[in-house]
Amino acid sequence: MSTPYPFTAVVGQTDLRLALLLNAVSPAVGGVLVRGEKGTAKSTAVRALSALLPQVDVVSGCRFSCAPAAPDPACPDGPHEPGPGAARPARMVELPVGASEDRLVGALDIERALAEGVKAFEPGLLADAHRGILYVDEVNLLHDHLIDLLLDAAAMGASYVEREGVSVRHAARFLLVGTMNPEEGELRPQLLDRFGLTVEVAASREPAQRVEVVRRRLAYEDDPAGFATRWAGDEHEVRARVVAARALLPQVVLGDNALLQIAATCAGFEVDGMRADIVMARTATALAAWAGRTTVLKEDVRRAALLALPHRRRRNPFDAPGLDEDKLDEILDRFEDEEPQEPDPDPDTEPEGPDDDGGGPDGGGGVPPQGNGPQASDAPPEPEPEPDPGSEPESAQSAPTDAPEAPQPSAREAGGPEQAAVRAAEPFRTKMLSVPGLGEGAAGRRSRARTAHGRTTGAQRPRGQLTKLHLAATVHAAAPHQKARGRSGPGLVIRKDDLRQATREGREGNLVLFVVDASGSMAARQRMSAVKGAVLSLLLDAYQRRDKVGLITFRGASAELALPPTSSVDAAAARLEQLPTGGRTPLAAGLLKAHEVLRIERLRDPSRRPLLVVVTDGRATSAGSAAGDPRELAGRSARLLQAGGVASVVVDCESGPVRLGLAGVLATDLGGPTVTLDGLRADSLAGLVKHVRTAVSSPASSASPAPHTNRRAA
């Protein structure tokens with residue numbers, strides 16, 4: 001077994017370490033969600049935490065880790081006889097992103113349950129994590145229904161498994177820790193609210209601290225056991241402090257004044273619901289216990305607010321989490337602590353070691369390292385590089401005087417003068433655009449698909465392990481064979497070949513690829529603002545329907561992939577906000593870029609069906625790098641996408657009393673419908689739902705005829 005990296009050797013990351021330790025002191029806080037860029041010691045700190053938790057006493061042979069002093073009366077392995085039990089370290093269980101529901105909550109042997117009436121239950125990861133840590137890396141990439149099950153179990157302290165009337169319950173109390181990179185997609189606000197605390201982490205920009213990260217990482221890799229030994233004393237001290245804080249926690253008094261501070265803070269920041277108040281109260285109590293006090297002070301409430309409220313203030317997916325600290329201080333200053341502050345036996349709420357800040361394999365941030373590492377205060381300032389007397393200024397170097405001057409394209413050829421980006425109009429609720437047919441992609445809320453959840457549409461023989469039993473079909477398959485199998489009692493004689501898997505239909509998420517015209521014909525400020533508002537509205541719709549999104553823009557003489565396909569609609573909204581306009585319209589270049597992006601994505605994720613949304617007025621005034629008529633090239637590019645079976649919709653941005661109808665011609669070539677900016681609104685008179693109808697042809701033969709397409713509004 002590999003030696004884990006010591007928790008006390010992680011460099012900086014003050015808030016991250018404190019949030020994890022508070023949950024170790026009081027698991028009722030509700031877990032931690034760690035948000036941050038890659039390489040910031042998120043996973044390293046979480047994995048190191050388990051070594052700081054005290055050992056747990058368990059009933060020998062119990063698969064559900066019941067405590068000998070108070071075993072779970074509903075334990076599937078019970079009832080348990082009184083006894084001393086056995087001590088073991090607290091577990092840290094990791095939930096993979098691709099885990100199934102049965103792997104998370106456990107699985108019932110349906111065949112034995114039907115044939116023998118036996119509850120043969122195989123525990124899942126929730127049972128393994130009981131009285132320990134459940135760690136979910138990249139929690140934002142986990143399927144929503146698994147996150148719901150996970151958070152329900154964390155909130156209730158128990159897991160329920162039900163299959164066709166057979167029910168099993170077992171205790172599931174654990175410290176829940178999730179990590180995520182916001183660039184890969186956000187969690188829904190409802191799910192964010194279920195995490196007790198949230199911490200934002202980032203790599204340090206201090207050279208001295210980054211040096212210490214590398215130094216300790218290399219030392220750990222050279223001799224993991226020796227490195228861990230050097231930090232063993234500090235690990236023991238923090239472990240003892242966690243045990244002491246747990247023992248002190250029941251004695252901590254949360255006074256009325258502290259409760260008023262908590263309530264006023266949550267009300268002042270307009271936080272929805274009451275969960276924030278409860279989490280803040282538990283966090284402030286844990287902070288007091290961690291500091292060795294029995295009274296909650298104003299500083300505890302302030303620190304609790306900074307950990308518990310930022311992620312609960314988001315009103316829409318494009319809001320960045322955060323908290324106005326000046327406003328927080330103003331609210332708390334209205335209240336004075338009822339009792340004089342007790343002396344804090346350890347004012348530093350962080351675990352100490354020979355170096356109060358240590359480095360993990362993933363790096364770190366926070367305060368500069370102390371102790372045997374280089375200290376920021378003692379390190380000499382880096383000298384500024386002196387200019388070379390013989391060197392020329394950078395501007396002069398970039399343009400040699402003796403080199404022939406390259407011909408510069410005219411403003412018209414280069415795309416015309418670039419105009420400043422304009423703000424998007426207010427987003428609105430859009431009609432639903434969906435891909436036709438029945439897909440098999442990742443669970444979502446857009447297009448029809450065969451999924452693990454949804455309405456039952458039929459039955460089939462199971463492929464591999466049976467997960468969803470179709471009871472009526474199973475009985476129907478077994479009934480004709482009862483006499484031959486010698487049935488004598490009231491129960492059916494079931495064989496494995498009789499079992500039938502339920503097939504279900506739900507919704508899938510799609511890849512919504514936006515191709516946005518940023519040329520001069522779109523540059524009127526009000527017009528571009530309306531276009532951005534429409535695209536922003538579609539992005540919000542994609543977020544709610546669990547889609548991946550991508551953004552292509554075209555202007556001047558070329559098209560640009562502004563955002564590769566991603567689950568982060570926040571990133572797409574940021575790119576859209578900064579989008580400049582101006583120049584000619586290389587429509588064909590934009591469509592060909594879309595064809596290339598979709599070709600690559602089909603190889604990466606063949607089950608995720610694409611939806612192409614082209615936002616343009618239909619004009620084509622530039623052939624880009626190709627030769628030929630721009631409009632003819634655009635038509636050929638559109639028909640290429642249609643031949644590939646890509647579902648498309650054209651958002652017509654043309655305005656004014658005289659309209660050329662070029663967007664409609666483009667939609668015909670793409671084989672999709674046209675919708676105006678006004679018609680995109682869900683409350684318009686054009687209808688509530690518009691489906692993109694296209695035949696998805698098999699890619700088995702490139703010589704197959706182009707698919708037949710049709711369109712209709714539902």
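Predicted model: local features only at pLDDT ≥ 70, side-chain atom pairs only at ≥ 80, totals over all residues.
Local features rest on pLDDT of at least 70, side-chain atom pairs count only at pLDDT 80 or more, and totals for chains, interfaces and linings use all residues. Residues are numbered from 1 along each chain as its sequence is written, and side-chain values use heavy atoms, with hydrogens and water left out.

**Sheet layout**
- An open sheet is built from 5 strands in the order E4-E7-E10-E1-E11 with parallel pairing, where two strands pair if DSSP finds at least two bridges between them.
- Strand E4 (92-94) and strand E11 (197-201) are the edge strands, each pairing on one side only.
- On average, neighbouring strands of this sheet are turned by 20° against each other, direction ignored, with axes taken as lines fitted to C-alpha atoms.

**Pairing within the sheet**
- E4 and E7 run parallel and are joined by 3 bridges.
- Strand E7 (residues 133-136) is joined to E10 by 4 bridges, again in parallel, and Leu-134 has Leu-176 in E10 as its bridge partner.
- Strand E1 (residues 32-36) also runs parallel to E10 through 4 bridges, with Val-34 standing opposite Thr-179 in E10.

**Burial of E10**
- Strand E10 (residues 175-180) is mostly covered, with 6 of its 6 residues buried, that is, under 20% relative accessible area with a 1.4 Å probe and protein chains only.
- In a regular strand, side chains alternate between the two faces of the sheet.
- Both faces of E10 are covered, with Leu-175, Val-177 and Thr-179 buried on one side and Leu-176, Gly-178 and Met-180 buried on the other.

Note on methods
Buried < 20%, exposed > 50% of the residue type's maximum accessible area, 1.4 Å probe, protein only. Helix = DSSP H or I, 4+ residues; strand = E, 2+ residues; numbered from the N terminus. Axes fitted to C-alpha atoms, helices over the stretch in contact; angles between N-to-C directions.
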